[in-house]
Amino acid sequence: METLAVQALTGLASASSLFLVASGLTVIFGVSRIVNFAHGSFYMLGAFLAWTLVSHAPLAEWGGWGFWGGILLAALAVGLLGAAAEMVILRRIYRAPELFQLLATFALVLVVQDLVLLLWGADDKFGPRAPLLRGATEIFGLRFPRYDLFLIAVGPVVLGLLWLLFHRTRFGILLRAATQDREMVAALGVDQQLLFTGVFCLGSALAGLGGALQLPREAVTIHMDMAIIVQAFVVVVVGGLGSLPGAFLAALLISELHAFGILVLPRITLVLAFLVMAIVLVLRPYGLLGRKPEGPPPATEAAAPLPGPAPRWLQGAGMAALAALLLLPPFLGEYPLILLADFAALVLFAASLHLIMGPGGMASFGHAAYFGAGAYAAALLARHLGAPMEVGLVAAPFFAGLVGFLFGWFCVRLSGVYSAMLTLAFAQIAWSVAFQWVEVTGGDNGILGVWPSEWARGRLAFWYLSLALCGLGVWMLRRAIHAPFGMALRAQRDSPLRAEAIGIDAFRIRWLAFALAAAMAGVAGALFAYGKGSVFPSSLDIPRSVDALLMVLLGGVHSLSGPILGAVAYAGLQEQLSRLTDLWRLLLGLVILALVLFFPGGLARAFYRRRGA
Amino acid sequence: MLQVQALHAHYGRAHILHGVSLALAPGEVLCLLGRNGAGKSTTMKAVMGLVPPSAGSVRLEGRELAGQAPHVIARVGLGYVPEERRIFAGLTVAENLEVGRRPPRDGREPWTADRVFALFPALASMRRRPASRMSGGEQQMLAIARTLMGNPAVLLLDEPSEGLAPVIVERMAGAVAALKAEGMSILLSEQNLLFAATVADQAVVLESGVVRHVGAMPALMRDAALRARFLSV
């Protein structure tokens with residue numbers, strides 16, 4: 001009984017920390033509609049800045065004042081960094097499609113990761129204990145850290161202060177108004193840019209404060225950003241995007257479930273939060289306290305019709321490229337052949353996501369789930385049944401398609417950010433299964449010895465196999481887009497109401513497209529697995545999903561050659577940069593930022609425009 | 001006061017306004033008339049910068065506004081009341097007014113909450129009520145009151161009588177007349193001819209984004225043939 005009570009208190013303390021970060025994220029989203037991946041980076045910066053401030057002179061010599069001053073200074077500094085990021089980067093792309101803003105914030109994540117590594121090094125940092133709050137108190141006869149008691153109070157206090165800000169100050173009232181109707185606020189003479197900069201400053205400062213307050217509790221590491229951002233997304237979505245009380249409630253719910261889940265079912269702790277999110281979104285599609293956006297969804301311009309047959313020069317270039325891919329490899333060494341096979345798998349992976357995002361008009365933050373499903377299907381068959389590659393390659397699309405069929409049914413019922421978040425949740429569930437079900441999947445150690453059959457074991461043969469399968473996959477996706485099925489898919493994207501009025505079952509079409517894309521991603525995943533000879537949980541983790549997203553967005557969502565160009569450009573860039581320098585994340589991030597700022601239509605469109613086509 | 005010259009506007013590729021011109025004198029009420037889709041609301045939005053004009057000029061007391069951001073245009077002195085009202089549903093009446101509040105303009109009596117409540121007494125008793133729980137007429141009053149809080153030099157009123165009960169329309173006409181009596185210049189857009197006739201001095205009739213007729217409102221009311229040509233459905 002006592003243990004349970006203390007566990008509940010621990011849950012409360014975690015809820016407070018989580019709420020601080022999530023509140024900033026939800027406030028930023030409410031006003032700017034930007035899903036800010038970089039929010040976790042600001043959290044991490046808060047922790048590192050606080051560590052530097054409180055463990056070095058002069059603040060380290062000032063005792064309690066120095067400590068608490070350092071925490072607040074760190075939060076303030078992160079707030080200013082957030083404002084700067086808004087002014088320099090995000091402000092320029094508010095009119096770009098939503099996903100481009102996401103791309104920009106993800107580029108920031110990459111940049112901050114390497115900057116932190118450069119400035120602070122890779123080793124974990126340990127902060128001093130908080131003055132006045134050292135040690136533990138006895139609660140129900142058990143020792144409980146005093147600092148956690150303090151944290152329990154911080155959450156409600158911050159919620160209260162934010163409530164006052166949003167209801168008792170002009171700035172807060174303007175922010176709430178802007179959350180509902182930005183254009184009307186502008187028509188009343190309010191400069192939105194100031195509001196946006198202000199809200200980024202506030203939200204980032206909250207993230208920074210959340211990070212800084214972790215200092216006495218846990219080590220400061222360079223992996224804090226990804227760990228917290230995923231949790232914060234879950235909290236914000238479960239609570240209802242833009243709702244502060246909702247975020248508080250969701251933080252409580254998830255932290256308490258985690259605190260007790262670890263006692264009862266330690267094996268499923270990783271999955272738990274995402275299961276909660278999936279259940280909440282199925283029952284309440286806009287989160288616990290979220291409201292359905294009023295009125296019709298913000299008008300999105302219908303995408304231009306797909307370009308007709310490719311211009312002659314492009315067809316020529318395509319044929320030439322294909323000829324080169326067929327004729328040159330016999331003269332290439334082992335390493336380029338490995339790379340080429342990888343690229344082929346990635347092209348199919350990107351093309352499959354493109355079906356969902358381009359013609360389908362949906363967003364997926366979790367496409368790696370199906371890539372991974374294909375890879376694991378092949379690997380599990382090989383490990384447990386000794387199945388040869390041919391069987392694996394046939395089974396992979398079916399298994400991945402089945403997973404896509406199952407997950408897709410939930411995901412395609414929602415739209416926009418909510419749907420994207422649900423795809424993320426399902427991908428994390430899939431990842432957790434691969435990671436925690438050690439008996440079957442080998443957990444973190446993965447599955448080794450997933451090799452191609454004898455005839456395809458040579459690098460050259462495997463390259464031709466990859467080229468054939470991926471070419472076939474891409475060709476099938478293209479056929480699907482141009483078939484009546486694809487037209488129906490594009491029709492429901494551009495105008496769901498009109499599409500339904502002429503008899504298109506939008507839900508079913510989206511669902512089928514989702515499953516088809518999953519199946520194709522499964523082929524790509526299986527090929528990737530055979531190419532590497534092994535499968536690890538990283539084949540379905542978030543960075544893998546983000547890779548796919550980046551490839552599609554870089555190439556351009558509304559172009560058929562986009563995912564191909566994007567995949568080759570992104571994978572090639574990553575490969576080149578990582579060979580050139582240790583700071584490849586920093587460079588890649590900067591390149592992505594440049595692309596987003598200068599080519600908001602994607603590579604394919606920039607290419608077309610250059611040619612005047 | 002407000003001069004609009006050869007204004008063009010597009011929605012995407014659709015060319016909506018084809019060179020709309022009009023001139024509003026100080027203290028005057030000018031009414032845009034025309035059938036649905038004639039371009040009345042688009043003219044308002046183009047003047048306000050919400051639909052950026054593709055050509056033409058908008059001048060307030062000689063200052064060029066075309067091409068400026070909406071918040072700049074609002075600060076210079078245009079107060080816009082949209083057709084859909086677009087009140088902030090999650091905010092209370094008092095908070096909605098606060099969003100509209102701007103510093104006073106030289107030489108005019110500043111608008112305060114008390115002063116708008118005097119104009120719309122129905123609002124005075126619901127300061128703390130969320131705007132989502134108001135009737136259509138109350139929301140329309142709030143939308144006008146909110147814009148007045150910005151102390152505009154010219155008021156743009158887009159179809160203030162739309163969807164309101166006749167008794168509320170009458171009250172709305174009374175409020176517009178009161179504003180006019182205080183010397184406010186108003187650009188009005190209306191489908192309700194009787195409403196327009198009670199308050200407007202000048203009429204500009206639009207059809208397919210083109211000005212078809214400019215003249216005094218009373219003269220238009222006397223000319224049944226003209227009305228039948230451009231306004232009857």
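Q: Why is E207(B) called partly exposed in this predicted model?
A: The relative accessibility of E207(B) is 23%. Buried means under 20% and exposed over 50%, so E207(B) falls in between and counts as partly exposed.

Q: What makes R35(B) and E207(B) a salt bridge?
A: The closest N and O atoms of R35(B) and E207(B) are 3.4 Å apart. The cut-off is 4 Å, between a side-chain nitrogen of Lys or Arg and a carboxyl oxygen of Asp or Glu, so the pair qualifies. This pair links distant parts of chain B: R35(B) sits in the loop between β3 (29–33) and α1 (40–48), E207(B) in strand β9 (residues 202–207), and 172 residues separate them.

Q: Why is R35(B) called partly exposed?
A: R35(B) has a relative accessible area of 28%. That value lies between the limits of 20% and 50%, so the label is partly exposed.

Q: How do you know that K532(A) and D342(A) form a salt bridge?
A: Their closest N and O atoms are 2.8 Å apart, and the definition asks for within 4 Å, so the pair counts. K532(A) belongs to helix α21 (residues 506–532) and D342(A) to helix α13 (residues 334–357) of chain A, 190 residues apart, so the pair links distant parts of the chain.

Q: Buried or exposed: what is D342(A), and what is K532(A)?
A: D342(A) has 15% relative accessibility and counts as buried, because the limit is under 20%. K532(A), at 36%, counts as partly exposed.

Q: Why is R579(A) called exposed?
A: The relative accessible area of R579(A) is 54%.

Q: What is the label for E575(A), and where does E575(A) lie relative to R579(A)?
A: E575(A) is at 11% relative accessibility and counts as buried. Both residues lie in helix α23 (residues 562–580) of chain A, 4 residues apart, about one turn of the helix.

Q: How does the radius of gyration of chain B compare with that of a compact globule?
A: For 233 residues, a compact globule would have a radius of gyration near 17 Å; chain B has 17 Å, so the two agree. The C-alpha trace of chain B spans about 45 × 35 × 35 Å along its principal axes.

Q: What share of chain B is buried?
A: Buried residues make up 55% of the 233 residues in chain B.

Note on methods: Residues are numbered from 1 along each chain as its sequence is written. Chains are lettered from A and ligands numbered from 1 in the order in which they are written. This is a predicted model: local features need pLDDT of at least 70, side-chain atom pairs count only at pLDDT 80 or more; totals for chains, interfaces and linings use all residues. Side-chain values use heavy atoms; hydrogens and water are left out. The radius of gyration is taken over C-alpha atoms; the globule rule is 2.2 Å times the number of residues to the power 0.38. Buried means under 20% relative accessible area, exposed over 50%, partly exposed in between (1.4 Å probe, protein chains only). Helices (H or I, at least four residues) and strands (E, at least two) are DSSP runs, numbered from the N terminus.
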